[in-house]
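My entries follow in the order I looked things up.

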There are 4 protein chains.
Amino acid sequence: MICVLKTHVPQEKEEELIRWLKTQNLGVHVSRGEKQTVLGLIGDTSAVDADLIESLDIVEVVRRVSEPYKTASRQFHPADSVVDVGGVMVGEGLTFIAGPCSVETEEQVVGVAKSIKASGAHILRGGAFKPRTSPYSFQGLKDEGLKLLSLAKKETGLPIVTELMDIYHLDLFDDVDCIQVGARNMQNYELLKELGHVDKPVLLKRGLANTIEELLMSAEYIMAGGNEKVILCERGIRTFETATRNTLDLSIIPVLREKTHLPVIIDPSHATGKSSLVPPMALAAVAAGADGVMIEVHNDPIHALCDGAQSLTPDQFSALADKMRTIREVVS
Amino acid sequence: MICVLKTHVPQEKEEELIRWLKTQNLGVHVSRGEKQTVLGLIGDTSAVDADLIESLDIVEVVRRVSEPYKTASRQFHPADSVVDVGGVMVGEGLTFIAGPCSVETEEQVVGVAKSIKASGAHILRGGAFKPRTSPYSFQGLKDEGLKLLSLAKKETGLPIVTELMDIYHLDLFDDVDCIQVGARNMQNYELLKELGHVDKPVLLKRGLANTIEELLMSAEYIMAGGNEKVILCERGIRTFETATRNTLDLSIIPVLREKTHLPVIIDPSHATGKSSLVPPMALAAVAAGADGVMIEVHNDPIHALCDGAQSLTPDQFSALADKMRTIREVVS
Amino acid sequence: MICVLKTHVPQEKEEELIRWLKTQNLGVHVSRGEKQTVLGLIGDTSAVDADLIESLDIVEVVRRVSEPYKTASRQFHPADSVVDVGGVMVGEGLTFIAGPCSVETEEQVVGVAKSIKASGAHILRGGAFKPRTSPYSFQGLKDEGLKLLSLAKKETGLPIVTELMDIYHLDLFDDVDCIQVGARNMQNYELLKELGHVDKPVLLKRGLANTIEELLMSAEYIMAGGNEKVILCERGIRTFETATRNTLDLSIIPVLREKTHLPVIIDPSHATGKSSLVPPMALAAVAAGADGVMIEVHNDPIHALCDGAQSLTPDQFSALADKMRTIREVVS
Amino acid sequence: MICVLKTHVPQEKEEELIRWLKTQNLGVHVSRGEKQTVLGLIGDTSAVDADLIESLDIVEVVRRVSEPYKTASRQFHPADSVVDVGGVMVGEGLTFIAGPCSVETEEQVVGVAKSIKASGAHILRGGAFKPRTSPYSFQGLKDEGLKLLSLAKKETGLPIVTELMDIYHLDLFDDVDCIQVGARNMQNYELLKELGHVDKPVLLKRGLANTIEELLMSAEYIMAGGNEKVILCERGIRTFETATRNTLDLSIIPVLREKTHLPVIIDPSHATGKSSLVPPMALAAVAAGADGVMIEVHNDPIHALCDGAQSLTPDQFSALADKMRTIREVVS
């Protein structure tokens with residue numbers, strides 16, 4: 001960590017700061033220039049509050065030289081991680097996660113599961129506990145929904161991923177292969193800490209307004225507890241643009257490749273909010289090097305009624321899957 | 001709710017949609033223009049998924065005419081709400097909430113409490129459970145911190161507000177007068193639902209990237225459960241600007257005045273992240289009509305060492321409090 | 001245009017508004033519901049100030065049903081436009097625009113031009129007039145730079161695209177095949193109007209904080225003047241993320257496909273600001289259906305010294321071009 | 001300027017970089033730590049391209065220690081600047097700039113001018129050349145509008161400020177006391193350079209997505225040309241919030257106070273887009289220490305018809321002006 005002092009700082013202020021830094025168990029390497037002094041802080045700086053130091057009157061700027069995350073960092077773990085989700089090796093080849101937004105009926109979820117399996121999907125997604133902006137909106141089928149997902153898993157052999165909103169629902173998740181942490185809970189640190197002690201893979205979605213570094217820090221919360229089976233997922237960030245629901249930040253893929261060894265999945269369905277935009281963005285994700293995509297697929301007649309929503313039909317998904325496989329061959 | 005169809009929609013598609021809307025227990029008032037049809041949806045639209053309808057192929061745009069929140073809305077509750085926090089009536093006059101960011105020692109928290117009381121503060125703030133970006137940063141004194149807050153309350157008579165990060169810590173909060181929900185948990189719906197059943201006021205902080213409407217929907221989650229003692233708090237939003245930690249959105253004050261009856265508190269300390277910016281923004285908040293401000297104050301020698309951080313000294317707070325009271329007189 | 005009135009608007013206010021709208025040469029179709037009235041405004045609404053009407057006390061919301069742009073809209077021009085840039089047909093097949101950020105020396109620009117031509121590039125880019133944040137930074141070689149571009153064009157036969165910052169430099173641009181309008185000038189309306197009378201193609205870059213609709217409105221400024229040879233270019237938008245210089249919004253590609261007939265080019269070099277991110281984002285752009293990419297390439301030893309900057313080397317560009325062509329075949 | 005190298009950089013790469021930096025006329029102070037090397041760049045770094053250096057493979061981070069602007073910086077000009085606008089000293093006391101958005105008729109502009117003068121306004125604003133998103137919207141009365149402003153000036157003695165969109169209109173601006181550069185032209189560098197040679201004050205509006213540092217760099221463009229009479233104006237930035245047209249960033253006031261000696265004006269009318277929000281935000285601006293406010297006022301019956309738009313009536317402005325003066329006394 002580098003701490004640049006302001007110009008013309010009184011000598012005794014500078015020395016007080018250095019003494020205080022040393023009480024934090026940091027080595028301090030002082031480099032005095034003509035105009036200003038630069039302090040190099042040596043040791044375990046991951047617990048240092050850089051904002052606090054930067055806010056001090058005599059400090060110009062503080063910059064980390066090593067990243068604030070360790071277990072998630074590629075620096076200490078150069079090889080790509082592969083996460084085993086019920087036998088599917090995420091991070092090895094291209095993984096397709098597909099399924100309906102919400103679990104609604106046995107017919108729906110089993111029907112969709114069969115059709116996506118036929119198109120080559122590897123993992124079934126589906127929401128049982130639903131985070132909704134309004135308390136008056138449908139909140140999901142909850143434990144009933146989890147049972148229907150289990151049924152679909154039994155029928156098709158597809159492992160399942162579904163969202164956990166509170167750690168105290170965990171005992172309902174026995175048959176779930178991968179626990180999803182939704183965008184709104186990405187910085188629910190109590191939940192993350194608990195997931196650090198769970199022996200299941202976690203699919204961690206980036207929050208709507210969270211930086212890539214914050215995403216990695218949230219992964220670090222889970223990994224610091226001992227659970228290193230973390231999959232990262234980009235699902236769009238909030239910007240001023242309103243033509244799409246959110247702005248899918250695909251540059252996260254090469255950026256994460258450099259910074260971390262964890263697998264990266266892209267969810268173009270929630271990002272764009274519109275089915276016609278999903279296939280081009282899914283193809284782009286694969287071209288940019290994603291380890292997989294997560295796509296909403298349904299065969300629900302209400303939606304089909306108007307050909308609408310953000311979900312693809314099973315046929316559209318099947319055609320898209322073919323193209324994604326071909327692009328993967330080009331880029332790998 | 002108004003639903004504008006696209007031009008040249010086939011008659012049968014339009015009718016299918018209308019039939020489906022009616023199955024959702026909505027009255028549908030159809031207005032056919034020369035080029036397009038406008039549907040007025042009548043009844044309880046608060047559970048309707050506007051995004052889903054807007055995503056349908058034949059729909060141009062969906063707009064709510066009534067707000068999606070009810071209990072929080074000024075429309076159904078025209079008079080300003082006043083929330084009783086341990087005898088302090090928030091929403092009646094100008095409330096000062098002050099105290100240290102984190103509770104550290106008895107000496108610190110009791111010392112600060114006494115000094116802010118002398119300057120006219122009404123409520124003591126202080127963090128015992130701290131949401132930190134890094135798992136390696138100090139996570140707060142937890143139950144020990146709560147005990148120190150109680151001590152400061154006993155010594156000064158000031159009611160206390162402090163953050164709850166998980167509902168399962170609730171039994172430790174018996175002596176807490178007002179529960180804070182932090183910005184990162186604003187859409188932790190399971191937590192909000194539980195707080196709907198608690199008989200304590202809740203200070204709900206706006207998320208870093210949440211709209212004013214989403215803030216009100218989160219308030220609605222708590223209120224829908226029966227707990228109507230909600231205080232709203234702006235603490236800065238995330239924008240492209242980096243000169244301040246976040247961008248304090250003071251226009252939220254008059255906007256919330258029009259939309260809701262709930263009291264509005266401004267936290268300029270977290271928004272700006274720099275003590276020299278706190279007084280001007282606190283004065284601005286009062287001038288714009290805030291019901292109160294929440295300000296970090298400490299008398300910690302480490303910080304005082306370099307005159308730094310985002311916290312004011314007790315003396316700075318005292319001078320600021322005087323000016324805020326004078327401005328309040330001008331605008332009320 | 002649909003104008004939804006508030007509930008309980010006095011009859012005479014409503015009638016005044018309708019009379020006033022009619023004086024604006026609009027037909028008004030009134031639909032009175034139980035609670036509120038909806039006005040359908042018929043006629044040429046492209047000059048109507050929707051913000052003004054929405055700001056009126058009795059108006060809830062105003063929404064355009066037809067887009068505010070006409071010449072740029074796919075609605076009135078269903079077939080894709082192809083723009084002839086010195087014989088290169090942009091919008092037909094995949095176009096590669098490449099070259100150095102700034103024109104520096106004859107050796108540099110001619111050298112780069114030859115190498116990119118060998119790799120299959122179609123158009124040479126290079127800045128002669130440079131918009132720089134600081135008045136003290138290098139402002140480009142100006143007319144001297146334009147002469148060097150001409151020389152490179154003569155040597156290679158590649159048409160050239162370069163930025164025009166002020167219409168009064170236009171007579172220097174005789175040998176330029178396509179005029180670039182930079183992101184900072186996207187809403188310099190006086191410049192756009194003048195370009196409407198110029199008989200050269202215009203490459204219009206999206207502003208850092210401009211919506212897709214605003215980009216199309218700026219295209220409309222040029223087209224309304226008679227010059228319909230407009231090429232749109234995405235080069236990243238400003239968001240809270242700092243890991244990349246800007247956030248490349250690739251979803252603009254399918255969104256523009258639906259809204260306009262104009263060709264769409266992606267510039268991953270300026271968006272990401274880092275050469276290692278350019279190839280994955282260029283491949284993603286092609287996978288999402290872009291008509292072309294614009295990529296910085298240099299063979300400048302100063303940069304090569306440290307393998308750095310956002311520019312690719314000629315060899316890197318050549319390898320990338322091969323992959324882009326293969327992906328294009330998959331998606332078209 | 002501080003340049004932190006990555007860890008484990010080969011010695012010869014490091015030396016090559018240092019040699020190259022020295023060819024840029026920079027002194028280089030090398031500080032080698034255990035793990036990484038820090039270079040202090042000494043000399044005139046305002047022309048150095050920090051982005052380029054940061055993009056080099058061996059460089060971790062580059063940070064300016066001195067600001068990239070000089071003439072605008074308070075560091076070299078500690079006293080507040082006062083700008084003389086037709087006899088009104090902006091930066092000395094509290095300045096009110098008021099008037100209609102667009103100049104429409106003699107009756108309108110003279111009528112408004114008289115009424116705002118009676119309420120204590122110091123400068124008349126009014127748009128003659130209007131930057132409009134749509135080429136089909138009203139573009140202003142242009143030279144005719146300037147003549148009406150002159151007339152209002154003659155009748156009331158109020159100096160006038162109005163927007164210049166192209167330097168080639170300058171000879172029409174003889175009677176204008178202060179030239180406004182609109183938000184969309186904040187980085188139209190050719191315009192800024194020309195204004196550096198004009199002997200009139202310039203009111204420079206912050207762009208919708210421009211940082212405070214970029215605003216100061218644009219001021220520097222004008223000042224570097226010799227015209228130091230620059231007034232800065234905040235008019236709202238673009239964020240994800242849609243309840244207000246833009247988000248008024250009032251923290252710019254204390255931030256600019258620290259960084260620059262130039263006067264700061266706030267425009268709450270364009271920022272909020274809604275008249276009911278203007279008075280609270282204007283009061284907040286004064287409380288935060290603004291040198292003045294710029295407020296839209298009209299007495300146009302079409303608007304008055306529905307009590308609407310973002311403009312205040314003369315009576316509302318008069319009441320607001322009284323309160324602003326009182327708050328100014330409290331904070332100064």
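I take helices (H or I, at least four residues) and strands (E, at least two) as DSSP runs, numbered from the N terminus. The model is predicted.

**Chain A, overall**

I counted secondary structure first. Chain A has 11 helices and 14 strands. I then took the extent of its C-alpha trace, which spans about 75 × 40 × 40 Å along the principal axes. Next came burial: 65% of the 332 residues of chain A count as buried. I also checked the sequence separation of contacts in chain A. Among those between residues at least 6 apart, 67% join residues at least 24 apart. The accessible surface of chain A is about 11,400 Å². Carbon and sulfur atoms account for 48% of that surface.

**Helix α6 of chain A**

I picked α6(A), residues 212–224, and checked its length. Its 13 residues reach 18 Å from first C-alpha to last, close to the 18 Å expected at 1.5 Å a residue. Is α6(A) mostly covered or mostly open? It is mostly covered, with 11 of its 13 residues buried. The buried set includes A:Ile212, A:Leu215, A:Leu216, A:Tyr221 and A:Ile222. I noted that A:Glu214 and A:Glu220 are buried too. What covers them? The cover for the buried residues of α6(A) includes α5 (189–195), β11 (202–205), β12 (230–234) and α7 (252–259), from chain A. After the helix comes A:Gly226, with a positive phi near 115 degrees.

**Cysteines**

I searched for disulfides over all chains and found zero. A disulfide needs the two sulfur atoms within 2.5 Å. D:Cys101 counts as partly exposed, at 26% relative accessibility. D:Cys233 is in no disulfide either, and its nearest cysteine sulfur, that of D:Cys178, is 10.0 Å away. With a relative accessible area of 1%, D:Cys233 is buried.

**Chain B on chain A**

I turned to the copies. Chain B superposes on chain A by a rotation of 180 degrees with 0.0 Å of shift along the axis, at an RMSD of 0.0 Å. That is the relation of a two-fold axis. The same surface serves both copies, as 98% of the contact residues of chain B recur in chain A. Which residue of chain B comes closest to this rotation axis? It is B:Ala209, whose C-alpha is 2.8 Å away.

**Chain B on chain D**

I repeated the superposition for this pair. A rotation of 180 degrees with 0.0 Å of shift along its axis puts chain B on chain D, at an RMSD of 0.1 Å. Here B:Ala284 is the residue of chain B that comes closest to the axis, at 2.0 Å for its C-alpha.

I then looked at the interface of this pair. How many residues are in contact? There are 35 in chain B and 35 in chain D. About 2,800 Å² is buried between chain B and chain D, and carbon and sulfur atoms give 73% of that area. B:Phe240, B:Glu241 and B:Val330 supply 20% of what chain B buries against chain D, more than any other three residues. Of the interface residues of chain B, 100% are also interface residues in chain D, so the copies meet through the same surface.

Definitions and conventions. Residues numbered from 1 in each chain as written. Chains lettered and ligands numbered in written order. Predicted model: local features only at pLDDT ≥ 70, side-chain atom pairs only at ≥ 80, totals over all residues. Heavy atoms only, no water. Least-squares fit on C-alpha atoms with pLDDT ≥ 70 in both. Contact = heavy atoms within 4.5 Å. Buried < 20%, exposed > 50% of the residue type's maximum accessible area, 1.4 Å probe, protein only. Expected span 1.5 Å × (residues − 1). Areas by Shrake-Rupley, 256 points an atom, 1.4 Å probe, with all protein chains shown as cover. Buried area = accessible area lost by both parts, 1.4 Å probe.
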